[in-house]
Amino acid sequence: MTVDLTTTYLGLELKNPLMASSSPLTGDVESLLRLQDAGVSGVVLPSLFEEQIEHEAIEVSKLMEYGAESFAEALGGYFPELDDYNTGPEHYLQDISAAKDALDIPVIASLNGTTRGGWVRYAKKLEEAGADALELNVYLIPTDPYATGPDVENRYLDLLRAVKESVTIPVAMKIGPFFSSLAHMARQLVDAGADGLVIFNRFYQPDIDLDELRVVPNLQLSTSMEVRLPLRWIAILRDKVPCSLAATRGLHSADDVLKALLVGADAAMMASALLQQGPAHATEVLAGVSSWLEEHNYESVEQMKGSMSMASAPNPDGFIRANYMRMLATYTSAYA
Ligand SMILES: Cc1cc2nc3c(=O)[nH]c(=O)nc-3n(C[C@H](O)[C@H](O)[C@H](O)COP(=O)(O)O)c2cc1C
C-alpha cells in the first residue's frame with residue numbers, strides 16, 4: 001500500500017507535509033534544489049527584514065538629496081550582517097523569481113519586522129516576484145512597561161492588516177508563544193485575515209560574555225525537546241481557529257513530524273535539523289513518516305491529521321493542567 005502524504009497548507013496543495021523553514025539553507029537556488037530533490041514539499045525563504053527595506057529607502061533618499069558621490073560612502077554604513085544574510089530588497093525579489101523558476105514546489109517569501117511603515121508595502125512586490133504565499137514574522141520584544149497586552153497585540157494585528165491589504169496571496173503569521181491569552185490572540189489574527197499560523201517563532205536569547213562584559217548574540221540550534229511547546233498549542237488551537245497551522249521549532253525526526261500531524265498541524269517545518277544534517281535528512285524523515293503511517297494502517301496524512309488534537313484525543317486534559325500535580329509529585333531522583 002502506498003500512503004497518500006498530500007496535505008493542504010494556506011490553500012496550497014503540498015505533496016507531503018514536510019517543508020523547509022526559513023534559514024540560510026533556503027537562501028540560494030543550489031540548496032533549494034537539494035531540498036526539493038530530498039523531497040520537501042515547500043520552502044520558506046529567509047526573511048526580508050524591515051531594517052533592510054528602510055535602510056535602502058534611506059540610502060535612496062540620501063542619494064537624491066546629496067548626489068551620487070555620497071552614495072558609496074553611505075553604503076559602507078550599517079547592516080553588514082543583514083547584507084550578508086540576504087542582500088537587500090532588490091536581490092530578494094530576484095531570489096524569489098530565481099527560486100520560482102528553478103523549483104516545482106511552492107515558494108513562500110518571508111517579511112520580518114515590527115513597526116507599521118512603508119516597508120510593509122514590499123509585500124506586494126514579493127507577490128509580484130512570484131511568491132506563492134507570504135509568511136509574516138513579527139519579532140517583537142516589548143520592553144515598555146506602559147505598553148499593555150492589547151497595545152502589543154494591536155501592533156501584530158495592524159501589521160497583518162496592512163500586509164493583507166496589499167496582497168492577494170495567502171498570508172501566514174509566524175508568532176511566538178508569549179501572549180497572555182494565546183488562543184484569543186490566534187483568533188484575533190484569523191479575524192484580521194491570517195490564512196495560517198506558524199507556531200512558534202524561536203526567540204534567540206542573548207548571552208553575556210564574562211571576559212568582555214558584553215551582551216553577545218548566541219544562536220543555538222534547537223533540539224527535539226522543543227517540539228513539545230508547539231505540539232501542545234497546535235493541539236489546543238486546531239479546533240478553535242479556522243486556519244492552516246504549521247509547526248516549527250524542534251522538529252528533527254519523523255516522530256516529531258508525526259506528532260505535529262497528529263495534534264493537527266497541516267505542515268511540519270524544519271530548519272535546525274536540516275542545517276545540522278543537510279537536505280538529505282528530509283528523505284529519511286519522509287520515509288519514516290510513510291512507514292509509520294503504513295504500520296498503523298493509515299491510508300493518508302489527511303486521515304490521521306488532528307486525531308490527537310485537544311478536541312479528539314482520548315485524554316485531552318493532558319494538554320492542560322490535569323496530570324500536572326501528579327507528574328511533579330511522582331518524579332523520582334536519586335537525591336530526592
Ligand atoms: C540560522 C537560522 C536562520 C534563520 N532565519 C530565519 C529568518 O530569516 N526568518 C524566519 O522567520 N525564521 C528564521 N529562522 C527560524 C527558523 O525558520 C525556525 O522557525 C526556527 O529555527 C525553529 O525551527 P527549528 O527548530 O527546526 O530550527 C532561522 C533559524 C536559523 C537556525
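Trainee: At roughly what angle do the axes of helix H10 and helix H12 cross?

Mentor: This is a predicted model, in which local features need pLDDT of at least 70 and side-chain atom pairs count only at pLDDT 80 or more, while totals for chains, interfaces and linings use all residues. Residues are numbered from 1 along each chain as its sequence is written. Helices (H or I, at least four residues) and strands (E, at least two) are DSSP runs, numbered from the N terminus. The axes of H10 (residues 254-263) and H12 (residues 281-295) come within 8 Å, and the crossing angle is roughly 55°.

Trainee: How are H10 and H12 oriented to each other?

Mentor: Axes are lines fitted to C-alpha atoms, for helices over the stretch in contact, and angles run from 0 to 180 degrees between N-to-C directions. Angles under 35 degrees count as roughly parallel, over 145 as roughly antiparallel, 65 to 115 as roughly perpendicular and the rest as oblique. H10 and H12 are therefore oblique.

Trainee: Which residues of H12 meet H10?

Mentor: Contact requires C-beta atoms, placed from the backbone, to lie within 7 Å. On the H10 side, Ala-254, Val-257 and Leu-258 take part. Their partners in H12 are Val-285, Gly-288, Val-289 and Trp-292.

Trainee: Are H9 and H10 roughly parallel or oblique to each other?

Mentor: The axes of H9 (residues 228-237) and H10 come within 8 Å and cross at roughly 20°. The two helices are therefore roughly parallel.

Trainee: Which residues of H10 make the contact with H9?

Mentor: H9 contributes Pro-230, Leu-231, Ile-234 and Ala-235. From H10 come Lys-259, Ala-260 and Val-263.

Trainee: In what order do the 8 strands close into a barrel?

Mentor: Two strands pair if DSSP finds at least two bridges between them. Strand E3 (residues 18-20) and E4, for instance, run parallel and are joined by 2 bridges, with Met-19 opposite Gly-42 in E4. Pairing in the barrel is parallel, and the order is E3-E4-E5-E6-E7-E8-E11-E12.

Trainee: Which helix supplies the largest share of the shell around the ligand?

Mentor: Of the 23 residues around the ligand (C-beta atom, placed from the backbone, within 6 Å), Ser-21, Ser-47, Ser-222, Ala-271 and Ser-272 come nearest. Strand E4 (42-49), strand E5 (107-112) and helix H11 (272-277) each supply at least two residues of this shell. The largest share, 3 residues, comes from H11.

Notes:
Two residues are in contact if their C-beta atoms, placed from the backbone, lie within 7 Å.
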